[in-house]
Amino acid sequence: MSDELRLHDWQPDRNLGMELVRATEAAAIRATPFVGRGDKNAADGAAVDAMRRFLSTVSMNGTVVIGEGEKDDAPWLYNGERVGNGMGAQCDVAVDPIDGTRLTADGRPGALSVIAVADRGSMYDPSAVFYMNKLVVGPEGVGVVDIRKPIGENIRALAKVKGVETSDIRVAVLDRPRHDQLITDIREAGAGVQLFLDGDVAAGVNAASFDSRVDICVGVGGTPEGIITACAVKALGGQIQGVLAPKDDEERQKALDAGHDLDAVLDQNTLVTSDNTYFVATGITSSDFIEGVRRRGPFLRAESIVMRSHSGTIRRVISDMREDRWGV
């Protein structure tokens, strides 16, 4: 292969994350007028439309494997839809134009617009079981925690390796009745709980980040969100562990028929087998690790994070866009 051809193949791949960020910025900006307006469907519809339009310009031959259709009955960005301009590498694409539609509608913090991309055929198929029990930690927790152990053991093990008291450990948990006992167990272990209303991806990425105040994210949440989170975890050097959690006997049988081992622990390398993953997110409403869209005079400011596992790079992108010129 000639040096010229090698360079041609390498450059679009290297720049893919910076192309994808335009799509998450677009979705976040289009969703912003709906923040606090109480209409999550309108917010999601605007974000989906904007993301899809900008994705069509990205140099990739992408197939949506985690999309909007099944979850939100959306006509666009559905599973199987082809995205990109068809000129780049073949990719699996996972999209969540708004991770936290209810947060957006209620004007609460933590809503993101997210895209994850990996080599074609490398993302786990989440169609058989929609929920999974998940545990996410940062680099210090790799090889230390085990989702099969009681949460108290994991808290004490993580506190020990971090050289802190258990009372210094903070655990993010989705605020749902199914987690009442888990929350009790965390507090009885001496750790603090940080409840979040929605936004599995934001909470997981925050827990995996090395400079976060959250040490662990744990509990039952969406399997698709777990796969998206895994793309970020591979860049951050942390760990995600998941065990499929069928909601009823019918879904359990569906999973068994599909050949899934319901006792298996799925880590980031099982959820996404490629080591060339991209995770791109733009804040809609501000969270612990990223600011939401805000107006600065005649400009709209969007803050994004762009991660690539292959190079181990994490970039923060701040874009100021004139509102009268944006999208031109």
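Me: Buried means under 20% relative accessible area, exposed over 50%, and partly exposed in between, with a 1.4 Å probe and protein chains only. What is the relative accessible area of Asp 106?

Reply: The model is predicted, and local features need pLDDT of at least 70, side-chain atom pairs count only at pLDDT 80 or more, while totals for chains, interfaces and linings use all residues. Residues are numbered from 1 along each chain as its sequence is written, and side-chain values use heavy atoms, with hydrogens and water left out. Asp 106 forms a salt bridge (a side-chain nitrogen of Lys or Arg within 4 Å of a carboxyl oxygen of Asp or Glu) with Arg 108, the closest N and O atoms being 3.8 Å apart. Arg 108 is partly exposed at 40% relative accessibility, and Asp 106 is likewise partly exposed, its relative accessible area being 43%.

Me: Which residues are linked with Glu 140 and Lys 162 in a network of salt bridges?

Reply: Glu 140 is partly exposed at 44% relative accessibility, and Lys 162 is partly exposed at 26%. The network that links this pair also takes in Arg 213 and Asp 215.

Me: Is Glu 303 buried or exposed?

Reply: Glu 303 forms a salt bridge with Arg 316, with the closest N and O atoms 3.3 Å apart. The pair joins strand β14 (residues 313-322), which holds Arg 316, to strand β13 (residues 299-308), which holds Glu 303, so the parts tied together are 13 residues apart in sequence. Arg 316 counts as partly exposed at 43% relative accessibility, but Glu 303, with a relative accessible area of 11%, is buried.

Me: How many disulfides does a search of the whole structure find?

Reply: A disulfide is taken as a pair of cysteine sulfur atoms within 2.5 Å. The closest cysteine sulfur to that of Cys 91 is in Cys 231, at 11 Å, which is too far for a bond. Cys 91 is buried at 5% relative accessibility, and Cys 231 is buried at 0%. Over the whole structure, the number of disulfides found is 0.

Methods:
Helices (H or I, at least four residues) and strands (E, at least two) are DSSP runs, numbered from the N terminus.
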